[in-house]
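Work through these exercises with the structure open. Each task is followed by a solution in steps.

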Amino acid sequence: MDGAAPYSAKHPPRLSAMDELRLENNMLRSRLDDILEHAHRNQNIMERHQKFELQIIGASHFRELINSIFSSLAETSELDMVSLILLDPRQDLQQMLTDLRINLREFPHMLFVRSERELQTPCISSQKPVLGPYERHLYEQFFRSFSQKPASVALIPLIRQGRLIGYLNLGSFSADRFLSSMATDFIQRLGSIIAICLENVINNERLTYIGLTDPLTNVSNRRYVEQRTLEEIGRARRQGYGIACMYLDIDFFKKVNDQYGHQGGDDVLCEVARRIKAELRLSDTLGRFGGEEFVVLLINANLQDAMMVAERIRRSIAEKAFPLSEGGSCNTSISIGLTTVSEKQNHGDEVIVAKEMISRADRALYDAKRSGRNMVRCE
């Protein structure tokens with residue numbers, strides 16, 4: 001040998017036809033395995049999304065739907081954050097949900113705005129999803145409930161019958177999760193389904209609300225107060241606290257109707273309800289029992305606490321005139337009967353406890369009327 005490099009270094013041996021075929025088969029098999037794995041992964045994703053869609057379509061209550069959106073959607077789509085913005089121009093949706101005992105603080109990532117202008121994002125489409133990197137000056141309002149901000153986002157308008165009802169907002173810490181070049185067909189479908197489900201559960205809750213609400217004063221009706229009383233007596237018994245009950249009656253209400261007409265009487269009823277409600281907590285219950293009579297349940301309250309609230313209500317009505325929609329104003333007052341059920345008194349049949357509590361408050365009201373009206377009496 002003359003010192004030249006080995007033959008194999010410059011001229012590797014050729015594979016036999018059989019070896020080449022075997023190598024090609026291995027490459028094809030590897031590619032097929034990749035395709036099958038990708039198809040299997042897509043099938044799993046599709047099944048998870050179908051399960052999620054069935055879950056939200058089957059939701060009949062607002063709380064159930066919102067819990068599914070925030071927990072199941074994030075898990076199904078492997079998202080780092082999900083927020084929901086709902087348009088509520090007159091804030092009646094929030095009021096209805098509060099009256100139905102849905103604690104909105106349970107859902108810190110559900111936000112309400114009165115108009116799109118509050119979002120301060122005129123460049124955001126109200127018709128098509130927006131995907132891309134997170135830009136603080138554009139998207140901060142959509143993710144303001146999160147301390148850590150996403151790297152990429154998808155903002156999905158929720159539209160029903162051509163009307164924008166809110167935005168579903170998805171965020172990821174991965175910068176390439178949502179790219180502006182991505183197709184949006186799937187995301188648009190998701191937005192459409194969630195918009196339909198939101199409209200359905202809100203309408204269901206509204207029907208419930210109407211059935212439990214006095215149509216004139218927009219506070220709870222007698223049926224709801226009686227139902228609520230039983231629930232609160234049971235809860236107070238389990239958790240070991242007292243409750244108070246007020247029976248309220250507008251003084252000389254017939255004279256208001258006779259002097260100012262039924263419209264004037266309706267104005268006074270609505271304003272009385274509003275002033276009573278202004279003195280209560282969200283956990284308390286106010287209902288119209290009929291005519292000019294109202295009942296209030298104070299949760300976790302003793303006699304001293306209840307007396308303070310009752311006096312505030314009495315003063316708020318007696319010390320300020322009532323504006324009338326047809327012009328002018330009138331003055332009126334209210335008499336209040338008050339009773340309490342302490343932890344020690346709360347035993348036996350709940351229905352009997354509830355009836356006796358309301359009866360005692362009614363007797364105390366009669367005492368206030370007989371003693372000169374515009375006062376609080378206890379039993």
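## Exercise 1: Surroundings of Val268

Task: List the residues that Val268 touches, leaving out residues up to four places away in sequence.

Solution. Val268 touches Ile250, Phe253, Val256, Phe322, Leu324, Cys330 and Thr332, once residues up to four places away in sequence are set aside. The model is a predicted one. Now place the residue: Val268 sits in helix H8. The relative accessible area of Val268 is 0%, so Val268 is buried. Finally, take a distance. Val268 and Thr217 are 51 residues apart in sequence, and their C-alpha atoms are 9.7 Å apart.

## Exercise 2: Packing of H8 and H9

Task: Describe how helix H8 packs with helix H9, giving angle, axis distance and handedness.

Solution. Start with the ranges: H8 covers residues 253–278 and H9 covers residues 303–318. Their axes are 9 Å apart, at an angle of about 145 degrees. The crossing of H8 past H9 is right-handed. Then find the contact residues. H8 brings Val272, Arg275 and Ile276; H9 brings Ile313, Ser316 and Ile317. Sort the residues of this contact by type: 4 are nonpolar, 1 is polar and 1 is charged.

## Exercise 3: Salt bridges

Solution. Side chains of opposite charge can pair when their charged atoms come close. The cut-off here is a side-chain nitrogen of Lys or Arg within 4 Å of a carboxyl oxygen of Asp or Glu. By this rule the count is 24 salt bridges.

- Step 1. Arg90 has a relative accessible area of 65%, so Arg90 is exposed. Asp92 is partly exposed, at 34%.
- Step 2. Glu350 is partly exposed at 31% relative accessibility, and Arg237 is partly exposed at 30%.
- Step 3. Look for a network. Salt bridges link Arg228, Glu231, Glu232 and Arg235.

## Exercise 4: Aromatic pairs

Task: Decide whether the pair Tyr134 and Tyr139 is stacked, tilted or edge-to-face, then do likewise for Phe142 and Tyr167.

Solution. The whole structure holds 5 aromatic pairs. Tyr134 and Tyr139 have ring centres 6.3 Å apart and planes at 45 degrees, so this pair is tilted.

Turn to Phe142 and Tyr167. Their centres are 5.4 Å apart and their planes at 90 degrees, an edge-to-face pair. Phe142 lies in the loop between helix H5 (136–139) and strand E4 (152–160), and Tyr167 in strand E5 (residues 163–172), so the pair ties together parts 25 residues apart in sequence. Phe142 and Tyr167 are both buried.

Tyr134, Tyr139, Phe143 and Phe146 form one aromatic cluster.

Key
Residues are numbered from 1 along each chain as its sequence is written. This is a predicted model: local features need pLDDT of at least 70, side-chain atom pairs count only at pLDDT 80 or more; totals for chains, interfaces and linings use all residues. Side-chain values use heavy atoms; hydrogens and water are left out. Axes are lines fitted to C-alpha atoms, for helices over the stretch in contact, and angles run from 0 to 180 degrees between N-to-C directions. Helices (H or I, at least four residues) and strands (E, at least two) are DSSP runs, numbered from the N terminus. A crossing is left-handed if the near helix is turned anticlockwise from the far one by less than a right angle, and right-handed if clockwise. Contact means heavy atoms within 4.5 Å. Ala, Val, Leu, Ile, Met, Phe, Trp, Tyr, Cys and Pro count as nonpolar, Asp, Glu, Lys and Arg as charged, and the others, Gly among them, as polar. Buried means under 20% relative accessible area, exposed over 50%, partly exposed in between (1.4 Å probe, protein chains only). Rings of Phe, Tyr and Trp (its six-membered ring) pair if their centres lie within 6.5 Å; planes under 30 degrees apart count as stacked, over 60 as edge-to-face and the rest as tilted.
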